[in-house]
Amino acid sequence: FAGTRFVKCDNAVEIEDRITKIVMNDQDLELACQVLKTEKVLALDTETSPTTELVNAKQGKDESTDPHRSNLLTIQIATPRVCYIINPDLNLTGVKEILESKSILKILQNAKFDAKVLKKSCKIELRNVYDTFLSERVLVAGIPSKFDPKKQLEADLASICKRRLNLVLDKSAVKTFSAIRHISHLNAEQARYAANDVFVLFDLYLAQMPLLYSQELVQIADIE
């Protein structure tokens, strides 16, 4: 992820003012991309499920954590105010342009996974990325986990949200995605979960950035 830039993002939006839009046709996607292209900072996430072959082989329980053995269900791209949940079967030319842009910063959690999924499924090469997972690992380096002193303090999304935002993030819906084969099967709870996971990245970015600067860890985080 060479070329990552740290960009000021001071336009946080109250949760009740945030909007989720499910994009199921090329016309709506084109309109969404017109909006997204005007932003300097975006948040990004994907939802996946095990491939049909793995499910048939009864090996699909945790395989969605393997980007090479996952079925891409949705691409979530958000501004601080609007999250677009995009059907990956659409014409993604505009999405590719945005995600490969060096002038737009993309915030992700564990970007390595999403980068591999997008490259495999959509031929998209992510550029200019800020990873909340790697940044948190830098911030808590050397601090042991209270659950296992031999391990470093946790940096999964739920743990970071609790630590930095005092927010309890409900991750229970993630288990339900394993039964979905297409975005059209997404229910309201799953759409809300997908949007919340990407909206919260703006808040984490704003929480982590001052800490990285105050502890003079920006350069290290950038290298990571």
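Biologist: Which elements have the lowest and the highest mean pLDDT?
Modeller: This is a predicted model. Among the elements of the protein chain, helix 2 (residues 52-56) has the lowest mean pLDDT, 50. The highest, 98, belongs to helix 3 (residues 93-99).

Biologist: And what is the mean pLDDT of the protein chain?
Modeller: The mean is 85, and 83% of the residues reach 70 or more.

Biologist: Where does pLDDT stay under 50?
Modeller: Over residues 1-13. For that stretch the model has 41 contacts beyond four places in sequence.

Biologist: Changing topic. How many aromatic pairs does the structure hold?
Modeller: It holds 2 aromatic pairs. In one of them, the ring centres of Tyr 130 and Tyr 205 are 4.8 Å apart. Their planes are at 90°, over the 60 degrees required, so this pair is edge-to-face.

Biologist: Which parts does that pair tie together?
Modeller: Tyr 130 is in strand 6 (residues 129-131) and Tyr 205 is in helix 7 (residues 188-214), so the pair ties together parts 75 residues apart in sequence.

Biologist: Is Tyr 130 buried or exposed?
Modeller: Tyr 130 is buried, at a relative accessible area of 2%. Tyr 205 also counts as buried, with 1% relative accessibility.

Biologist: What about Phe 177 and Tyr 193?
Modeller: Their ring centres are 5.6 Å apart and the planes are at 45°, so that pair is tilted. Phe 177 sits in the loop between helix 6 (157-165) and helix 7, while Tyr 193 is in helix 7. The two are 16 residues apart.

Biologist: Is Phe 177 buried or exposed?
Modeller: Phe 177 counts as buried at 1% relative accessibility. Tyr 193, at 6%, counts as buried too.

How values were computed. Residues numbered from 1 in each chain as written. Predicted model: local features only at pLDDT ≥ 70, side-chain atom pairs only at ≥ 80, totals over all residues. Heavy atoms only, no water. pLDDT = per-residue confidence, 0-100. Helix = DSSP H or I, 4+ residues; strand = E, 2+ residues; numbered from the N terminus. Contact = heavy atoms within 4.5 Å. Phe/Tyr/Trp six-rings, centres within 6.5 Å; stacked < 30°, edge-to-face > 60°. Buried < 20%, exposed > 50% of the residue type's maximum accessible area, 1.4 Å probe, protein only.
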